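Here is a friendly walk through one model, meant for someone seeing it for the first time. Have a look at the sequence and the fold, then read on.

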Amino acid sequence: MGVDAKALVLGGGGVTGVAWEIGMLHGLAERGVDLTDAGLFVGTSAGSSVAAQVLSGVPLKDLYDAQLAEATGELTARIGPGVILGFMVAGLWPGDPVRGRAWLGRRALRTRTIPEAERRAVIARRIGDGDWPAVRLRITAVEAQTGEVRVFDADSGVSLIDAVAASCAVPLVWPPVTIDGVRYVDGGVRSVANVDLAAGADRVVVLAPTTRSARRSGRPDAQLETLGARGAVVAPDAAAVRAIGANVLDPARRRPAAEAGYAQAAAEADRLREIWTR
């Protein structure tokens, strides 16, 4: 089996989702399950940031250690009830789901947030200023005005920083990101992990800090089932849920979330090894 047959899907989940995924990847690698040798990465929101960092060439241990560092000077926000309700309304929109996403995107365009340049600088510090990796990487975002999904890759003519910033632009929290005159919001508005973009892979592992979706068709497990590939969805266990806490955008929860992901890897290693390496 070649690496091109394997896909790693990294879902959204805020600052703590980044930490949990990196902790999980590092813990698995230490146990002989290196998910980063995939031939295809699909990154949504937090997962796009993780994919960019992992594919930058920085060792997993270094990325993990960075998650354990004290969270000083970082932007803190909160996904409040209004944001959650917005996602639910968009997800349950009757008829064409694109119209629901556009409704939420237009609300995001009217919402006062920090300046777009300030948010982009945060993403740049997080992932560096490198180019797109040689490994195939697909990053999702949603056009705010139309609700249409956009999948960025190395051939899209868009910088990696802009693609990640767009995918991480949580509507009603962070500013929509402008690329070639078009405003984009979080790729998680379409799906928390966009597992369907791994179509064609024989083996798929999904790390999903959150699996919630207004419709079953948007859930990672349902999308993986539709693909028909051999695979698994890994979500935070009970200990990780407690470590992550109620606010996934709180940098103070980054360290416990990373440690919880690292610890959970011990329980997931055997079943993922069966899928990934055999």
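Which residue forms a salt bridge with Arg120? Asp162 does, and the closest N and O atoms of the two are 2.7 Å apart. A salt bridge here is a side-chain nitrogen of Lys or Arg within 4 Å of a carboxyl oxygen of Asp or Glu. Arg120 sits in helix H6 (residues 116–127) and Asp162 in helix H7, so this pair ties together parts that are 42 residues apart in sequence.

Before going further, a word on where this comes from: the model is predicted, local features need pLDDT of at least 70, side-chain atom pairs count only at pLDDT 80 or more, and totals for chains, interfaces and linings use all residues. Residues are numbered from 1 along each chain as its sequence is written, and side-chain values use heavy atoms, with hydrogens and water left out.

**More on the salt bridges**

Side chains of opposite charge can pair when their charged atoms come close. By the rule above, the count comes to 11 salt bridges. Here are three of them:

| Pair | Closest N to O | Where |
|---|---|---|
| Arg120 and Asp162 | 2.7 Å | helices H6 and H7 |
| Arg273 and Asp270 | 2.8 Å | helix H10 |

Helices (H or I, at least four residues) and strands (E, at least two) are DSSP runs, numbered from the N terminus.

Arg255, at 41%, is partly exposed, and so is Glu259, at 34%. Asp270 counts as exposed, with 59%.

**A strand tucked inside**

Now for strand S1 (residues 6–10). Of its 5 residues, 5 are buried, so the strand is largely enclosed by the rest of the structure. Both faces are covered, with Lys6, Leu8 and Leu10 on one side and Ala7 and Val9 on the other.

Two strands pair if DSSP finds at least two bridges between them. S1 runs parallel to strand S7 (residues 203–207), joined by 5 bridges, and Leu10 has Leu207 as its bridge partner there. S1 also pairs in the parallel sense with strand S2 (residues 40–44), over 4 bridges. In S2, Leu40 is the bridge partner of Ala7. The chain gets from S1 to S2 through helix H1 (residues 14–30), and this β-α-β crossover is right-handed; in other words, with the strands pointing away from the viewer, the path from the first strand over the helix to the second runs clockwise.

Which non-glycine residue has a positive phi of about 75°? That is Leu172, found in the loop between helix H7 (160–167) and strand S5 (177–179). Leu172 is buried, at 16%. Asp180 also has a positive phi without being a glycine, near 50°. Asp180 is placed in the loop between S5 and strand S6 (182–186), and it is exposed at 71%.

Terms used
Buried < 20%, exposed > 50% of the residue type's maximum accessible area, 1.4 Å probe, protein only.
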